[in-house]
Amino acid sequence: MIPASPKISVIVPVYNAVTVLHRCVASILAQVYADFELLLIDDGSSDGSGDICDAYAAKLDKVKTFHQPNSGVSMARNKGLDEAAGEYICFVDADDWIDPNYLEAFFRYGPPARDCLSIINIEEHTPASVRKIYSLYDRFYTGTVDFSTAMNDIIFRLPAPFAKLFIRDVIESAGLRFYKGIHSGEDVLFILGYLRQTEAISYVSGSCYHYMRMSSGSLSAKINGFDSEYYCLERMKDDFGALLERYYVKEHYERYCGYAVYRTLRSIYMNEYGRGFQGRLSLLKKVYTRENVRLLRSHARLHPRRSNNIAVSLYKFRLWHLYDFYMVSFMRIKYSAAMPVSGPKPDAGQ
């Protein structure tokens with residue numbers, strides 16, 4: 001028998017999900033834990049997914065549908081946060097599904113504390129295989145060493161907002177939202193911002209979130225414009241910096257922020273090439289700090305096949321003309337074609 005408990009808002013961003021949406025919604029409506037609302041955020045679908053959302057909302061009071069022009073998953077999640085009434089927040093993606101006791105599992109030992117982030121088992125499904133990403137047993141992590149250990153699961157394995165229980169008051173008090181225009185790192189920034197408000201991490205066993213990976217591709221491979229990548233870099237350094245004051249998360253800081261420096265520099269030659277040399281030079285100088293150089297070198301050590309050590313050295317010693325000439329020449333040779341105004345293909349090395 002489940003005790004009286006606060007309501008949970010389950011937020012599902014929906015975009016052209018007509019083939020999988022029924023499975024997702026059915027798994028949520030089948031929850032043993034009944035005190036929840038389901039918010040379906042139709043992000044400008046063109047395949048009839050919005051009509052399916054409306055049909056569920058017309059039949060069930062606990063289901064609410066909101067429509068918006070296509071703005072991306074981050075803005076859809078933000079719409080859900082704006083409309084949520086529950087004390088707790090869960091995110092579920094439209095092509096995923098959850099076990100019947102998924103919500104119940106978070107409350108097995110009573111309502112989670114305000115300063116705690118709860119995470120649950122994740123099972124990854126592909127057309128060819130099934131594997132556990134998280135295979136957890138009940139455990140409560142607090143303190144410097146334990147918190148750092150748990151961060152490894154949260155940040156490195158699958159830094160996504162699903163398979164976690166958030167407290168809405170913490171989100172609102174910290175002014176947390178997903179950032180529009182960032183397609184790599186927006187989930188990490190949201191989670192880091194939340195972790196800055198917490199003192200503990202709780203592992204929850206006995207249920208599972210089923211994550212459907214439809215392809216081997218990833219939005220994280222896409223390089224955005226310089227402003228977006230630079231903003232992501234600065235926010236990530238700020239959030240990790242705050243956590244470094246309390247926990248041993250230096251390895252996480254080095255990996256994520258080093259990669260962010262790498263991406264920011266790479267964006268100059270992929271999306272800002274049309275600025276000309278002087279325009280690119282101003283961006284190179286904007287990124288240049290001793291700390292960013294150190295992070296870039298750390299990234300090069302961790303990923304020697306991805307990074308270009310000659311370019312890293314030229315950048316370190318501020319040999320701007322040589323660095324720019326080298327990068328432009330390197331990319332032209334790599335792709336055996338003249339570099340277009342919009343820049344080369346998105347998997348060029350730095």
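Let me begin with helices α1 and α2, which are roughly parallel to each other, because an angle under 35 degrees counts as roughly parallel and their axes cross at roughly 25°. Please keep in mind throughout that this is a predicted model.

Two packed helices are described by the angle between their axes and the distance between the axes. The crossing in which α1 passes α2 is right-handed. If you look for the side chains involved, α1 contributes Leu21, His22, Val25 and Leu29, while α2 contributes Ser49, Ile52, Cys53 and Tyr56. Sorted by class, six of the residues in this contact are nonpolar and two are polar, and there are no charged residues.

Let me turn now to the aromatic rings, of which the structure holds 22 pairs. A pair of aromatic rings is described by the distance of the centres and the angle of the planes. Take Phe240 and Tyr253 as one example: their ring centres are 6.3 Å apart and their planes stand at 70°, and since an angle over 60 degrees counts as edge-to-face, that is what we call this pair. Phe240 belongs to helix α8, residues 226–244, and Tyr253 to helix α9, residues 250–270, so the pair ties together parts that are 13 residues apart in sequence. Are these two residues buried or exposed? Phe240 is buried, with a relative accessible area of 0%, and Tyr253 is buried as well, at 8%.

Elsewhere, ring pairs join Phe91, Phe166, Phe178, Phe190 and Tyr194 into a cluster. One member of that cluster, Phe178, brings us to Ser74, which sits in helix α3, residues 73–83. Which residues does Ser74 touch, if we leave aside its neighbours within four places in sequence? The contacts are with Phe178, Tyr179 and Glu186. Ser74 has a relative accessibility of 7%, and because buried means under 20%, this serine counts as buried.

I would like to finish with Arg318, which is placed in the loop between α12, residues 309–316, and α13, residues 320–335. With a relative accessible area of 51%, Arg318 is exposed, since the cut-off for that word is over 50%. Although Arg318 and Lys285 are 33 residues apart in sequence, their C-alpha atoms are 8.5 Å apart in space.

How values were computed
Residues are numbered from 1 along each chain as its sequence is written. This is a predicted model: local features need pLDDT of at least 70, side-chain atom pairs count only at pLDDT 80 or more; totals for chains, interfaces and linings use all residues. Side-chain values use heavy atoms; hydrogens and water are left out. Axes are lines fitted to C-alpha atoms, for helices over the stretch in contact, and angles run from 0 to 180 degrees between N-to-C directions. Helices (H or I, at least four residues) and strands (E, at least two) are DSSP runs, numbered from the N terminus. Angles under 35 degrees count as roughly parallel, over 145 as roughly antiparallel, 65 to 115 as roughly perpendicular and the rest as oblique. A crossing is left-handed if the near helix is turned anticlockwise from the far one by less than a right angle, and right-handed if clockwise. Contact means heavy atoms within 4.5 Å. Ala, Val, Leu, Ile, Met, Phe, Trp, Tyr, Cys and Pro count as nonpolar, Asp, Glu, Lys and Arg as charged, and the others, Gly among them, as polar. Rings of Phe, Tyr and Trp (its six-membered ring) pair if their centres lie within 6.5 Å; planes under 30 degrees apart count as stacked, over 60 as edge-to-face and the rest as tilted. Buried means under 20% relative accessible area, exposed over 50%, partly exposed in between (1.4 Å probe, protein chains only).
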